[in-house]
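Look at the sequence and the model below. This report walks through a few places in them.

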Amino acid sequence: MGNDQKRTAGTMIVRLCLLVAFLGCRLPVVGTEEDSGPFSTPFPSPLNADALLSTNCSQLTLKLDFSTKVVKHEYIVAFNGYFTAKARSDFISSALRDVDAVNWRIVRRDNPASDYPSDFEVVEIRQDTRSSLLTLQDHPYIKRVTPQRMVLRSLKLTDPGTDGASPCNDIRWVQKWQSSRPLRRTSLSLGSGFWHATGRHSSRRLLRAIPRHVAQILQADVLWQMGHTGSGVKVAVFDTGLSEKHPHFKNVKERTNWTNEKTLDDGLGHGTFVAGVIASMRECQGFAPDSELHIFRVFTNNQVSYTSWFLDAFNYAILKKIDVLNLSIGGPDFMDHPFVDKVWELTANKVIMVSAIGNDGPLYGTLNNPADQMDVIGVGGIDFEDNIARFSSRGMTTWELPGGYGRVKPDIVTYGSGVRGSGLKEGCRSLSGTSVASPVVAGAVTLLASTVLNRELVNPASMKQALIASARRLPGVNMFEQGHGKLDLLRAYQILNSYKPQASLSPSYIDLTECPYMWPYCSQPIYYGGMPTIVNVTILNGMGVTGRIVDKPIWQPYLPQNGDYVDVAVSYSPVLWPWAGYLAISVSVAKKAASWEGIAQGHVMVTVASPAENDVSNTGEMTSTVKLPVKVKIVPTPPRSKRILWDQYHNLRYPPGYFPRDNLRMKNDPLDWNGDHIHTNFRDMYQHLRSMGYFVEVLGAPITCFDASQYGTLLMVDSEEEYFPEEITKLRRDIDNGLSLIIFSDWYNTSVMRKVKFYDENTRQWWMPDTGGANVPALNDLIAVWGMAFSDGLYEGDFTMADHDMYYASGCSIARFPEDGIVVAQTLKDQGLEVLKQETAVVENVPVLGLYQTPSEGGGRIALYGDSNCIDDSHRQKDCFWLLDALLQYTSYSMTPPSLTHSKNRVVPPTGTDRPLPQRLEGNHLYRYSKVLEAHLGDPKPRPLPACPHLSWAKPQPLNETLKKYKYYMKILKRRK
Amino acid sequence: MVFRRLLRKRWVLGVVFGLSLIYFLSSTLKQEERIIRDRTLLEVRDSDHHIQWKIKFILGNSSRQISQCRNSIQGKSLLTDELGYVCERKDLLVNGCCNVNAPSSSQHVCTSCLANGCCSIYEHCVSCCLQPDKQPLLEHFLNRAAEGFQNLFTAVEDHFELCLAKCRTSSQSVQHENTYRNPQAKYCYGESPPELLPI
């Protein structure tokens with residue numbers, strides 16, 4: 001169920017490349033003070049700044065002084081975690097209660113951060129200092145107590161030249177350098193900050209000169225000293241090429257060109273940099289200077305690349321028996337079947353593929369292919385302070401939507417910002433991006449492979465197992481951002497050199513209570529009657545390229561730990577190929593726990609078998625048994641009004657079809673490709689709803705497949721799919737019986753759709769959108785029964801609604817609404833006119849919001865809003881979660897929001913008789929991607945309604961005693977965190 | 001001062017100019033030369049030059065005894081060894097050859113292949129391609145291999161490697177870059193690309 005990778009014919013996609021984004025980043029030449037793109041800022045160490053300055057304008061030198069002194073009576077109390085100000089003060093007072101240290105106080109810190117939890121407090125203690133400090137230190141939540149230091153830091157620019165005419169000696173420079181955090185402009189503000197603020201906290205550190213030779217930071221020199229330098233390992237760099245006589249490389253075995261440009265040289269510097277991180281032997285050293293480099297030029301200087309070039313180049317890599325392949329390129333098109341199949345073929349031929357996860361963060365749902373594949377090592381980026389780099393793509397894979405749930409990716413993270421590598425012709429430069437993080441791992445993998453005596457044991461699965469088992473988990477970061485954590489080269493070396501072929505799981509355990517690592521699972525407990533929670537586990541099989549699961553996975557609940565309160569269903573890949581497969585675990589609560597609250601535990605046992613290739617006896621198979629501990633938190637089923645159902649089934653996206661962005665202003669990102677899921681680009685909305693106490697579940701099946709009496713509100717946002725006639729009737733019945741409905745629609749205008757078609761260079765064909773931002777004609781069919789409809793108007797503009805600033809970004813209006821309903825209108829710009837004729841016109845009284853109580857006894861309520869951008873994380877400018885709250889108050893609790901109903905913007909509901917309702921774009925190809933329509937002579941027709949998904953619950957084999965081993969196992973895991 | 005006056009001398013400027021010109025010309029020429037050398041890595045120097053294909057064909061009775069076999073490695077359940085036997089993974093011997101006595105093994109299998117030389121199963125394509133009677137077809141293909149393929153096929157060393165490489169999906173297998181021309185029969189040992197099916 002969960003993980004079937006739907007294979008729809010006719011996929012058309014842009015292979016967007018990291019490279020493009022990557023190339024947007026500049027060298028850390030800091031000369032221009034404008035434009036700090038997400039990739040532009042290099043590392044903020046004074047050392048770096050000095051080096052940069054001197055390269056840029058030699059007559060300028062930068063002096064950095066800094067001194068510290070202890071501040072009397074002030075101490076920094078560091079805690080084990082992040083706590084609110086109140087909790088911190090409680091801890092300190094409880095710790096100091098015993099010593100009667102009356103004379104202490106918390107030094108107030110008035111800064112914007114004080115609203116957030118912190119891991120330290122500054123305390124002034126004037127008496128009894130020593131004993132107080134000792135008691136403080138004993139408190140379980142207090143990590144350490146240190147004297148407060150005052151840091152005095154000054155940066156000085158001195159200019160030995162007498163004439164101030166140098167262009168470098170610009171006044172703006174001086175201003176900038178006065179900041180103690182050079183190069184990091186507005187880094188604390190959201191949006192433009194290069195460092196990932198993430199809402200997480202990294203411990204405060206002095207800015208210091210960090211050595212940025214990434215190979216040394218990862219302690220590659222330890223392996224070098226043992227005599228391992230990558231020799232005998234063939235590494236392929238698929239990139240922009242490499243010039244022939246680059247001084248950094250001693251073992252370039254071959255360069256080949258697969259593009260239509262007649263050169264092998266790198267015109268951009270990207271390929272050179274990547275090759276340098278892997279194998280440079282001087283200046284900025286790479287990981288494996290003695291490895292055999294194979295340079296594949298698959299990207300032109302104009303940043304063009306085609307799937308067909310890759311296919312041929314990959315074939316050559318297979319022929320040449322490449323061991324490690326770095327691909328710092330990726331795109332959103334995981335339905336490019338020829339490409340995906342080829343990557344499988346490549347890893348099946350024992351090529352270890354390392355790829356960059358993408359530069360589309362911090363938005364969720366932005367993983368790039370091929371890094372999102374199970375057989376590929378997908379690498380995310382961190383900075384040198386161990387924060388996830390803002391640009392690093394994240395969120396679950398979206399292949400499995402709508403029926404299933406995404407896999408955990410990236411696999412690991414490593415340094416990706418401000419990393420130094422080879423310059424285009426010579427010297428070193430520093431660059432940022434996951435394209436940088438990927439060769440760091442590829443270089444490490446190459447070096448690791450060369451340390452193994454029995455190379456037979458090194459394969460894509462065993463290498464990935466070693467990397468993820470040894471990775472260091474970053475605190476405060478969830479698994480959909482960091483995967484298994486930060487690359488640890490030496491531990492990976494130890495694991496790999498004692499490796500026995502086996503199967504393993506990623507993630508290796510399921511603890512739905514563990515926050516924040518297991519976000520979003522830990523953010524909502526499970527309860528009886530809820531949609532099953534799916535965890536999509538990847539099975540890695542180091543025993544062979546193919547494998548299978550023996551018999552069936554077994555569910556063993558621990559009776560003392562209430563394991564029998566949980567039902568588990570398991571589905572899995574019939575064949576584990578290449579090197580990997582999925583294991584989808586669906587967890588549900590048993591009926592007898594409907595009003596129970598507590599923790600339940602158990603485990604799933606899986607046995608994997610592979611043909612024994614090196615077994616002389618040739619008697620068959622190798623097997624490996626893996627245990628997957630499961631721990632869940634159960635709560636009593638919440639009341640209906642608190643439960644919201646998110647309709648995922650009717651959200652379509654790219655790939656495979658051209659579903660345009662919901663905000664037409666975002667021209668450089670024309671596709672809707674983030675999955676439209678509450679855990680991808682609607683993550684903020686989900687978090688908000690959780691914080692308001694709602695329980696949000698996801699419907700991955702037709703509307704006919706849920707019990708409406710369980711839910712207060714069905715939430716449909718930006719739906720592109722059509723509806724089965726049975727769904728329309730069922731929804732009508734449900735609403736008569738008390739279910740409420742909220743629809744956030746979006747634009748749909750056939751003239752605009754024709755206008756936004758474009759010639760796609762990547763697939764060499766014209767692309768016409770198959771719907772608008774939403775499928776308004778289909779939505780109108782759904783809500784026609786209540787006398788409602790959206791229009792094909794296209795509006796944009798700022799306005800104020802109930803004292804909130806709002807931005808309407810490419811939305812539609814309400815064309816029809818029942819006359820006893822409440823309709824709110826606003827003054828907006830006609831964006832349709834702007835797109836089509838480049839004219840500006842202001843339209844007054846555009847109905848944007850409608851509220852309606854259905855007339856039947858106990859009937860539900862319906863709320864419509866014409867734009868979804870304000871709850872979508874991608875390209876959102878102003879959020880309208882307050883509006884969602886107000887609408888939910890209305891739909892779930894029947895509380896009509898006075899701020900909306902009594903506003904001066906309330907208008908008479910439109911009857912919509914003056915204008916025809918929008919019709920479906922003639923000749924659209926929606927049926928190709930739709931689960932509802934199928935091609936027919938004439939118009940596409942709905943298919944027969946599919947059966948609702950059915951889970952077969954595993955027959956539990958209860959264990960009566962707590963497994964000591966399990967406890968021990970969890971302890972190890974905890975320690976590793 | 002002396003230096004500056006020297007610079008004004010016409011002959012000094014002349015020498016400077018001359019040297020610059022020589023440097024410019026030499027580096028430009030060198031660049032050109034290098035590009036040519038680079039290309040030779042990829043392409044034939046001139047079109048008359050015939051590539052020496054190093055293919056050794058397995059002729060006649062191929063059931064000769066060999067101690068070690070290469071095989072097609074990648075298959076989900078099937079493998080083809082270099083003698084053209086297709087077998088299931090469980091019937092693979094330790095030496096990499098198919099167990100010829102196993103019921104699943106058979107030599108030169110073309111069952112999933114169409115008349116145009118395209119097969120729906122990769123291992124069948126390789127096995128069929130290893131049939132001795134395919135030699136003229138392959139030789140013909142090699143002699144007029146498409147430009148983009150020369151990287152690949154100049155590196156191929158024998159009949160088995162040629163069949164492994166030829167049967168893989170490639171730039172010839174796709175339309176609009178991201179769609180197979182024929183998603184069913186996409187592995188071709190023959191000269192023609194897979195039949196073009198509408199999307």
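## A covered helix

In H12(A), the buried residues are Pro460(A), Ala461(A), Ser462(A), Met463(A), Lys464(A), Gln465(A), Ala466(A), Leu467(A), Ile468(A) and Ser470(A). Buried means under 20% relative accessible area, exposed means over 50%, and partly exposed lies in between (1.4 Å probe, protein chains only). Helix H12 spans residues 460-470 of chain A, and ten of its eleven residues are buried. Asn459(A) caps the N-terminal end of H12(A). A side-chain oxygen of Asn459(A) lies 2.9 Å from the backbone nitrogen of Ala461(A).

## How to read the model

This is a predicted model: local features need pLDDT of at least 70, side-chain atom pairs need pLDDT 80 or more, and totals for chains, interfaces and linings use all residues. Residues are numbered from 1 along each chain as written, chains are lettered from A and ligands numbered from 1 in the order written, and side-chain values use heavy atoms, without hydrogens and water.

Helices (H or I, at least four residues) and strands (E, at least two) are DSSP runs, numbered from the N terminus.

## Two helices side by side

Helix H9 (residues 307-319) and helix H10 (residues 337-348) belong to chain A. Their axes come within 10 Å and cross at roughly 10°. H9(A) and H10(A) are therefore roughly parallel to each other (angles under 35 degrees count as such). Axes are lines fitted to C-alpha atoms over the stretch in contact, with angles from 0 to 180 degrees between N-to-C directions.

Which residues meet? Among those in H9(A) are Phe310(A), Leu311(A) and Phe314(A); H10(A) brings residues including Phe339(A), Val343(A) and Leu346(A). Contact means heavy atoms within 4.5 Å.

## A buried glutamate

Glu481(A) sits in helix H13 (residues 479-482) of chain A. Is Glu481(A) buried or exposed? At 5% relative accessibility, Glu481(A) counts as buried. Its side chain makes a polar contact with the side chain of Tyr364(A), at 2.4 Å. A polar contact is a pair of N or O atoms within 3.5 Å; within protein, one must be able to donate a hydrogen and the other to accept it, and residues adjacent in sequence count only if both atoms are side-chain atoms.

## Chain B

Chain B has six helices and seven strands. Along the sequence, the pattern is α-α-β-β-β-β-α-α-α-α-β-β-β. Of its 199 residues, 45% count as buried.

Technical notes:
Angles under 35 degrees count as roughly parallel, over 145 as roughly antiparallel, 65 to 115 as roughly perpendicular and the rest as oblique.
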